[in-house]
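Me: I'm new to this one. Can you walk me through the salt bridges?
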Amino acid sequence: MTAGQATGRATQLPRITVEAPVLHVGSGPDAYQSLDRYVESLRNPRGLHMTLLHVGILDRLAADIVGWTRGAVGPEPVIREVAGWLRGLPMLDGFLGKSEKLITLGGGRVSSLEVTVPLAVQDYHTLLVQGLHVLLDDLGLDNIDDFILSSPALGCRSPRWLPHVAVGKARFKHQEAIELEAVALEFGPSRIRNEVSLPGVV
């Protein structure tokens, strides 16, 4: 797929995220299924993941960047640069985490496990954000922190990263946090979701 094709098919392109897949929750399937007492509709455990960086739909991110720079950079070069940066990212090794709290995110509608992660994972997230800053600076953006927090494509609502795994629909909007017995979580190596859709990847 070329950058031109990418910009011409906005609604058909998937969202891009850097994420770590969840391999195991607790000691067996019952540990995950037991969460259904708190969650309206549990997600398929095979699709569970922790988002390390949400990039969004590339052409929409390109439009945000073009608007921020008042057209100083075009959408196709932006898409090529972002795709190249993503393909060059180092990947994070698998790791272990734990959760002791169920919280609601996504406007209070999504139940999520708040996850305690190793320092190396926190450092990796910091590396991703620093790399994004460098990329945006190279593309000619100013006030980069403001851009990151205001870009609809990036969808970043807070400067503080909260490691979490979305597990399903909350029973009640803005449901109070629920304390849990410690739940062990095993994560696989990080990956780029929908990497095959990046321009130049075959």
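Reply: One definition to start: partly exposed sits between buried, which is under 20% relative accessible area, and exposed, which is over 50%. Arg 171 has a relative accessible area of 36%, so Arg 171 is partly exposed. Keep in mind that this is a predicted model.

Me: How many salt bridges are in the whole structure?
Reply: A search finds three.

Me: Which residue does Arg 171 meet in a salt bridge?
Reply: Glu 40, with N to O at 3.5 Å. That pair links distant parts of the chain, 131 residues apart. Glu 40 is in strand β2, and Arg 171 is in the loop between β6 and β7.

Me: Is Glu 40 buried, exposed or partly exposed? Which is it?
Reply: Glu 40 is partly exposed, because its relative accessibility is 45%.

Me: New topic. What about Glu 19 and Arg 191?
Reply: Their side chains form a salt bridge, 3.0 Å from N to O. Glu 19 lies in strand β1 and Arg 191 in strand β8, 172 residues apart.

Me: And what does Arg 193 pair with?
Reply: Arg 193 forms a salt bridge with Glu 19, at 2.7 Å, N to O.

Me: What links Glu 19, Arg 191 and Arg 193?
Reply: A network of salt bridges.

Me: Which of them are buried, and which partly exposed?
Reply: Glu 19 is buried, because its relative accessibility is 0%. Arg 191 is partly exposed at 34%. Arg 193 is partly exposed too, at 31%.

Key:
Residues numbered from 1 in each chain as written. Predicted model: local features only at pLDDT ≥ 70, side-chain atom pairs only at ≥ 80, totals over all residues. Heavy atoms only, no water. Salt bridge = Lys/Arg side-chain N within 4 Å of Asp/Glu carboxyl O. Helix = DSSP H or I, 4+ residues; strand = E, 2+ residues; numbered from the N terminus. Buried < 20%, exposed > 50% of the residue type's maximum accessible area, 1.4 Å probe, protein only.
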